[in-house]
Amino acid sequence: MRTITTTQELAAFCEAAKAHDYVTLDTEFLRERTYYSKLCLIQMALPGEGDEDAVLIDPLVEGLSLKPLYELFEDRSVVKVFHAARQDLEIFQVEAGVLPDPLFDTQVAAMVCGFGEQVGYETLVRKIAREPLDKTSRFTDWSRRPLTDAQKKYALADVTHLRVIYEYLAAELEKTGRAKWVEEELEILTNPETYVTHPGEAWKRVKTRTNSARFLGIVRELARFREGYAQARNIPRNRVFKDDALTELASTKPRTLQDLGRSRLLLREARKGEIADGILAAVAAGIECPEDDLPKIDKSRDKLQVNPALADLLRVLLKAKTESSGVAPKLIAPSADLDMIAAGERDVSALKGWRREVFGEDALRLCKGEIALAAKGRSVKVVEL
């Protein structure tokens, strides 16, 4: 099990990779104690059947530069293959501002090839590679050195089996003509903005029980402060204060340190110093925010007049389409999308791109009364009117 520890070795391996159509990659990282993931290990494999063309790259070794890897990422002649790539890509985007191009994500490809939603790597190894997968090292501290042979074996398995999975899925996409579907799904992963968290938008992830604009204005300012503080110090946002404490503070609106001390949910460390000052300033900013600048709640969906009978018919149509295409129903159209279509909305993801081809066109025709649905044995068929 070869481990690369020098820039020269990495450059040589990446140069060898450029002679192939694809390379498989994975990472191991830690994020429990930091805001940004700490990259601890990179695994790569070239096409082949054995482990001799697979390597581990140790980014924790002093003096090792990942520049050769980033140059490979930018080489469009080599497909970079990951499974469930989002967290891996976030690391590279944050650390170096680079994303692999072209990219292939086997989890996304598996979804459009009929393996269900968010299918796990272990499932694909079992169903496609027909191999067992030892996951005993899944929960491990990848920052500790030296790595054990068991850890190395576990890490390499994440890229060696991936070769078989990629080749199978790529062939399936070619055979079914669904490669474009995967490309559409990957647009989010290959957009650098996907990996940027703007403090001013952080409040949208906080679950609240009220839609009061003033309350949400305070939530917004508290979430903005927390996100900025966590990013600047590279600590988890929950180490600053948790969501339940945030909503409590938005309700009680503390004005002084004495008020802050009465909080039931705030950590002791947050009741003094920079965090306490930041909380009080955020609450004040939320209270003093002009009405026109408060968060605007989109109530348009609450006013939608859903035709329940049509919504039920759309669900039957979706079931028929997913049975014939082999794609998971929620990947094509979640329940909320179906209700929106039944209420007359047309700016819905189920009516765009490859989803329109698979389901959307007939969904619109059903809404217009141009087609009907009929039972035929155990299946449902579309009937022209």
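Good morning. By class, the lining of the largest pocket has 13 nonpolar, nine polar and 18 charged residues. In this count Ala, Val, Leu, Ile, Met, Phe, Trp, Tyr, Cys and Pro are nonpolar, Asp, Glu, Lys and Arg are charged, and the others, Gly among them, are polar.

The model is a predicted one, in which local features need pLDDT of at least 70 and side-chain atom pairs count only at pLDDT 80 or more, while totals for chains, interfaces and linings use all residues. Residues are numbered from 1 along each chain as its sequence is written, and side-chain values use heavy atoms, with hydrogens and water left out.

Let me stay with the pocket. Its volume is about 1400 Å³. Of its 40 lining residues, His83, Ala84, Ala85, Gln87 and Gln107 are the closest to the centre. Several elements give two or more residues to this lining, among them strand 2 (22-30), helix 3 (86-96), helix 6 (149-176) and helix 16. Strand 2 supplies the largest share, five residues. Helices (H or I, at least four residues) and strands (E, at least two) are DSSP runs, numbered from the N terminus.

The structure also holds one cavity of 30 Å³ or more. The largest cavity contains about 40 Å³ of space, and its lining consists of Arg31, Tyr36, Ser37, Glu90, Ile91, Val94 and Glu95. By class, these are three nonpolar, one polar and three charged.

How are such spaces found? Rolling a probe the size of a water molecule over the atoms shows where empty space is left. On a 1 Å grid over the protein atoms alone, a cavity is a set of points where a 1.4 Å probe fits but cannot get out; a pocket is an open set with protein on both sides within 12 Å along at least five of seven lines; and lining residues have an atom within 4 Å of a point. Grid points are joined across faces, edges and corners, and a volume is the space filled by probe spheres set on the points.

I turn now to salt bridges, of which a search of the whole structure finds 25. The term means a side-chain nitrogen of Lys or Arg within 4 Å of a carboxyl oxygen of Asp or Glu.

One of them joins the side chains of Arg237 and Glu227, at 2.8 Å from N to O. Arg237 belongs to helix 9 (residues 237-240) and Glu227 to helix 8 (residues 213-233), so this pair ties together parts that are 10 residues apart in sequence. Glu227 is buried, at 1% relative accessible area, whereas Arg237 is partly exposed, at 27%. Here buried means under 20% relative accessible area, exposed over 50%, and partly exposed in between (1.4 Å probe, protein chains only).

Which residues does Arg205 contact, leaving aside its neighbours within four places in sequence? They are Thr197, Glu227, Arg237 and Asp243, where contact means heavy atoms within 4.5 Å. Arg205 is placed in the loop between helix 7 (179-189) and helix 8, and is partly exposed at 43% relative accessibility. The side chains of Arg205 and Glu227 are joined by a polar contact of 3.3 Å. A polar contact is a pair of N or O atoms within 3.5 Å; within protein, one must be able to donate a hydrogen and the other to accept it, and residues adjacent in sequence count only if both atoms are side-chain atoms.

A further salt bridge links Arg264 with Glu248, with the closest N and O atoms 3.9 Å apart. Arg264 lies in the loop between helix 11 (257-260) and helix 12 (273-288), and Glu248 in helix 10 (residues 243-252), so the pair ties together parts 16 residues apart in sequence. Arg264 is exposed, at 66%, while Glu248 is buried, at 13%.

In helix 16 (residues 353-367), Asp362 and Arg365 lie three residues apart, about one turn of the helix. Their salt bridge has its closest N and O atoms 3.4 Å apart. Both residues belong to a network of salt bridges that links Lys321, Asp362, Arg365, Glu370 and Glu384.

Finally, some backbone features. A cis peptide bond, with omega about 0°, joins Asp101 and Pro102, and Pro102 is in the loop between helix 3 and strand 6 (103-105). The bond from Arg145 to Pro146 is also cis, with omega near 5°. Asn234, a residue other than glycine, has a positive phi near 50° and sits in the loop between helix 8 and helix 9. Thank you.
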